[in-house]
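I opened this notebook to record what I looked up in one structure. The entries follow the order in which I checked each topic.

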Amino acid sequence: MKRTLLFLMALLLIVGNAWGQLTLESSTTDPSAGMPEHLYYMKNGNGIYVGTESKYMSNTPAIFALYQIEEGKYKIYDYTSKKWLTYTPQSSYDEGIKDFVKTCNEKENAEYFYIDKFSTNNYQILPRKSSGERSSVYLNYFQGTANNANDGRGLGYWRQNGSEDAGSKWNFYSKPYII
């Protein structure tokens, strides 16, 4: 009995560590051809999940798929609303803005995002500049969400990275099954 208990505890430790070491995986199946292979919930460091069409939703998270187009560059598909996340690239970005991220129906019209892992399970998501270079702003519910619960605001950006502002830190949680 004691050995069984020790074995189960060791197994839980191994599984727990494996669960905590999530590596983002890109889907290859186009949504028009079937269900993406890898689906995720997105939650920022303040515990706020991203809802459909990039809107702030605390209780109804949307499901997303990532499509890598080059190393560190991804297009993001909102599987729940069946739309792609996009934005209008700019030559320079102000400090922060609300409702920057929009949606579109076609992958070809969706802009890519830089997604950087900066610590265990923590990522930051950056738009590109109109030149194609990486910007120095980070996806964030700009001006916070504490006093604006479920107000329908969309993702914006902020100048502080995920190490400096929990709202710019993103975690991806695997969504293994869709019924």
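For these entries I take a polar contact to be a pair of N or O atoms within 3.5 Å; within protein, one must be able to donate a hydrogen and the other to accept it. The model I am examining is predicted.

Entry on S81. I located S81 in the loop between β3 and β4. I found a polar contact between the side chain of S81 and the side chain of D78, at 3.0 Å. Leaving aside residues up to four places away in sequence, I noted that S81 touches T52 and E53.

Entry on positive phi. I looked up K82, which lies in the loop between β3 and β4 (83–86). K82 is not a glycine, yet its phi is positive, near 65°. K82 is partly exposed, at a relative accessible area of 45%. I also recorded D99, a residue other than glycine with a positive phi near 50°. D99 sits in the loop between β5 (96–97) and β6 (102–104), and I list D99 as partly exposed at 30% relative accessibility.

Entry on the cores. Which residues touch the most other members of the largest nonpolar core? I found L66, F113, I115, I125, W170 and F172, out of 27 residues in that core. Two or more residues each come from β1 (40–44), β2 (64–70), β3 (73–78), β7 (113–119), β8 (122–127) and β11 (170–174). I noted a second, separate core of 9 residues, among them A65, Y77, C104 and A110.

Conventions:
Residues numbered from 1 in each chain as written. Predicted model: local features only at pLDDT ≥ 70, side-chain atom pairs only at ≥ 80, totals over all residues. Heavy atoms only, no water. Core = buried A, V, L, I, M, F, W, Y, C linked by side-chain atoms within 4.5 Å. Buried < 20%, exposed > 50% of the residue type's maximum accessible area, 1.4 Å probe, protein only. Helix = DSSP H or I, 4+ residues; strand = E, 2+ residues; numbered from the N terminus. Contact = heavy atoms within 4.5 Å.
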